[in-house]
Amino acid sequence: MKNDHQSDVWIERACHLGAVGLSVTMAFLLRFDFSIPNGVFPILRQAVLLAALTKLPIFDWVGFYRGLRRFASIPDLYIVFLGNLAGSAIFAAISIFWIGPAMPRSVLLIDTLVCFLATALVRFSVRIRDEAFLRERSGDGRRGIIIYGAGAAGAELVHEIHSNRCTRYEVKGFLDDDPLKQGVLILGVPVLGSGRQAFSVVRSLNRRKPVVDEIIIAMPSATGPQMREALANCRAARIPCKTVPGIEELLSGKVLTAQVRNLSVHDLLGRQPVKMDETPVQASIAGRSVLVTGAAGSIGSELCRQVARFGPACLIAFDQAESDLFRIENELREKYPELELVTALGDIRDPHRLADVLKAHGVESIYHAAAYKHVPMMESHVLEAIRNNILGTWNLVRTARHHNARSLLMISSDKAVNPICVMGATKRVCERIVSARNPDSGGPKGASVRFGNVLGSNGSVVPIFQAQISIGGPVKVTHPEARRYFMTISEAVSLAVQASTRSQGSEIFVLDMGEPVRIVDLAETMIRLAGKVPYEDIDIEFTGLRPGEKLLEEINDGQNAGILPRCLEKVQIIREQPLTWDIVADWINELEILLMARQEPQLIQHIQKLVPEYTPAAKCTHVQAEQKLLAGSSLRSRSALLSSGVRENGKAGKNGKPRPTAAPTQFIPPIAYEQ
Ligand SMILES: NC(=O)c1ccc[n+]([C@@H]2O[C@H](COP(=O)([O-])OP(=O)(O)OC[C@H]3O[C@@H](n4cnc5c(N)ncnc54)[C@H](O)[C@@H]3O)[C@@H](O)[C@H]2O)c1
């Protein structure tokens, strides 16, 4: 590529040399009506020599040869203009001084104009060739495409396709919803209609070859609903669609055509992924000994990958799941051969094992992702949830204190806010344990990050829907109005490492995850992405909210007390009054006694002492639970919801409306997934 550019520069220089000589000659010819007197030839020769000697170095100096000729555009024309103005002025001054009054002044003027035109022609020649001639080649297996979105990204895509000989696309037109753009030409390509007219536009275009093979959605800053609508319109036209990357990648200046790719669910989740500055993270991890609990799980393993990138002195991957730990160990050793990696098999409920690990490796920073997390399963394993999540966290915090760890960051969940499930309640307790501190004593700076649903994590809705779609459905959704906040795994982990860097202790970090996504919309979109029609090819079945599940998760409790000014874009920080260490220790002692006695109702009451907002799902019927949530959500009433034909465990009908069936007496989860 570099060599290509170098040789192109030399060709361009040679052409400019010719252009300079020719324009001086042309100026003399025009000045003398194409019959130059014999006596003027020596002056012409001198003028050509002087023009070459003065103008060419100036062309170089103003930056004629920095840009690629394939992508020549208006800024290049400006540079050509500037170069000619400066070059001609210096040429005029030198030639008047050198040649004297014999140098015709009008020649200088004509030369300036002709030279500008000739050098501009050289600059744009490659683009003109690519756009005007190579595009004309047809019948060579080109793919007809429509670009959905006649904005900057769409125009850039057309520009690239036109100027890149290797792309096999032929842009047949744009689709855009803006009425002002209808019928206009953008880089010679017409806007043929709105998104909803995709079907008729494709049908009329297909009368001429090449037919439309693909629609490329070029809306890098589209919201989730806009993307979903675009996808539905493409499906209506029965044409496969792809998309261009988000604005971040576009701004990074990568070649656009190379990045046209299939749509993924990430495109449909309604917001741009949040990217954070990594510099402070690097400083806080490099050279430190870092422990990740739950390292074999989806979030823990991603944490290990991210931490490994920043060069810790030692990374300790701690988990009780032997095979998964083995897998992440192999992966990390392969990817980071230099990394000082320790895989520690162990249970966070075992304080001695934790103490061994922290002591042996001088752990300084801890990321705590080990937990039981599946809501319905924990509802039927209350004691296990409490023992694992609460006592495990307590052990870890105590051991970290004892071994002088500097920071401890716990991965919490949006289910910890106003919890109605035991999993959420245990996470809320863990947040309080991690934040606890005594003003006069040391201990790690403890903080939590609250995640929404992490796309693609173990048991998350996306892989489960994918599996259900791959066997022809039905796709099982708990409730037509169930909504969740989603984040990508890289967002989740980046938030966690950023939070651990910025924490002063006792905070809860919450990412602004945009609008919650309706699970049924996600299901429909995923069915469409698989090339099928929801409710026709693949049914959606409503199985009813399962024990402990809400219609909508919240990300904070709505009381804005304790919200700190943002130190990270899109991240809210909540700081509440931390409990003292002694209060927590007493509370845990009582908990252990109740656990030993296996007294579930008393345990729930005991948790409510620390988390008074916890309303166990078993205590509120599903109707109450929904009402409680509807009151706080954007949904107005359950009757409105039911009037749309929704029944728990209802099945979607062919017309897209849910088909009512008899409501069951019991909610049995078909598959335990995190919705
Ligand atoms: N995945 C999500 O969508 C999501 C969303 C919000 C919050 N979270 C929270 O993030 C954390 C991790 O979630 P995940 O998706 O990675 O779950 P996961 O099930 O994939 O991983 C959890 C890991 O913790 C380990 N673990 C559990 N108990 C342990 C113990 N006592 N000792 C040692 N290891 C133990 C498990 O073996 C497993 O490898 C959980 O606390 C979860 O509540 C997850």
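**Close-up views of a predicted model**

**Figure 1. Helix H12 crosses helix H14 at roughly 40°.** In this predicted model, the axes of helix H12 (residues 351–361) and helix H14 (residues 382–402) come within 10 Å of each other, and H12 passes H14 in a right-handed crossing. On the H12 side the residues that meet the partner helix are Pro-351, Leu-354, Ala-355 and Leu-358, while H14 contributes Asn-395, Leu-396, Thr-399 and Ala-400. Sorted by class, this contact of H12 with H14 holds six nonpolar residues and two polar ones, with no charged residues.

**Figure 2. Helix H14 also packs with helix H19.** The axes of H14 and helix H19 (residues 581–597) come within 11 Å and cross at roughly 150°, and the two helices are therefore roughly antiparallel to each other. The crossing of H14 and H19 is left-handed. From H14, the residues Leu-383, Ile-386, Arg-387, Ile-390 and Trp-394 meet Ile-588, Leu-591 and Leu-595 of H19. By class, the contact of H14 with H19 is made up of seven nonpolar residues, no polar residues and one charged residue.

**Figure 3. Helix H7 and helix H18 pack at an angle of about 40°.** Two packed helices are described by the angle between their axes and the distance between the axes. For helix H7 (residues 224–236) and helix H18 (residues 519–529), that angle is about 40° and the axes are 11 Å apart, which makes H7 oblique to H18. H7 passes H18 in a left-handed crossing, and the contact is made by Arg-228, Leu-231, Ala-232 and Arg-235 of H7 together with Asp-521, Thr-525 and Arg-528 of H18. The residues of this contact of H7 with H18 divide into two nonpolar, one polar and four charged.

**Figure 4. Helix H18 is largely enclosed by the rest of the structure.** This description of H18 is given because nine of its eleven residues are buried. The buried residues of H18 are Ile-519, Val-520, Leu-522, Ala-523, Glu-524, Thr-525, Met-526, Ile-527 and Arg-528. The elements that cover these buried residues include H7, helix H16 (461–470), strand E15 (475–477), strand E16 (483–484), strand E19 (517–518) and strand E20 (540–542). Just after H18, Gly-531 takes a positive phi of about 80°.

**Figure 5. Helix H2 has a span that agrees with its number of residues.** At 1.5 Å a residue, the 22 residues of helix H2 (residues 41–62) should span 32 Å, and the end C-alpha atoms of H2 are 31 Å apart, which agrees. Buried residues in H2 are Ala-47, Leu-50, Ala-51, Thr-54, Lys-55 and Phe-59. After H2 comes Gly-63, whose phi is positive, near 100°.

**Figure 6. Ala-47 lies in helix H2.** Ala-47 counts as buried because 25 other C-beta atoms lie within 10 Å, where the cut-off for a buried residue is 20 or more. Leaving aside its neighbours within four places in sequence, Ala-47 is in contact with Val-24, Ser-95, Ile-99 and Met-103. Ala-47 and Met-103 are 56 residues apart along the chain, and their C-alpha atoms are separated by 8.3 Å.

Figure 7. Most residues other than glycine have a negative phi, and most peptide bonds are trans. Ser-506 is buried, with 22 other C-beta atoms within 10 Å, whereas Arg-598 is exposed, with 10 other C-beta atoms within 10 Å.

**Figure 8. The whole protein has 22 helices and 24 strands.** The protein has 675 residues, of which 43% count as buried. Among the contacts in the protein with a separation of 6 or more, 76% are accounted for by residues 24 or more positions apart.

Conventions: Residues are numbered from 1 along each chain as its sequence is written. This is a predicted model: local features need pLDDT of at least 70, side-chain atom pairs count only at pLDDT 80 or more; totals for chains, interfaces and linings use all residues. Axes are lines fitted to C-alpha atoms, for helices over the stretch in contact, and angles run from 0 to 180 degrees between N-to-C directions. Helices (H or I, at least four residues) and strands (E, at least two) are DSSP runs, numbered from the N terminus. Angles under 35 degrees count as roughly parallel, over 145 as roughly antiparallel, 65 to 115 as roughly perpendicular and the rest as oblique. A crossing is left-handed if the near helix is turned anticlockwise from the far one by less than a right angle, and right-handed if clockwise. Two residues are in contact if their C-beta atoms, placed from the backbone, lie within 7 Å. Ala, Val, Leu, Ile, Met, Phe, Trp, Tyr, Cys and Pro count as nonpolar, Asp, Glu, Lys and Arg as charged, and the others, Gly among them, as polar. The expected span of a helix is 1.5 Å times one less than its number of residues. A residue is buried if 20 or more other C-beta atoms lie within 10 Å of its own, exposed if 12 or fewer, and partly exposed in between; C-beta atoms are placed from the backbone.
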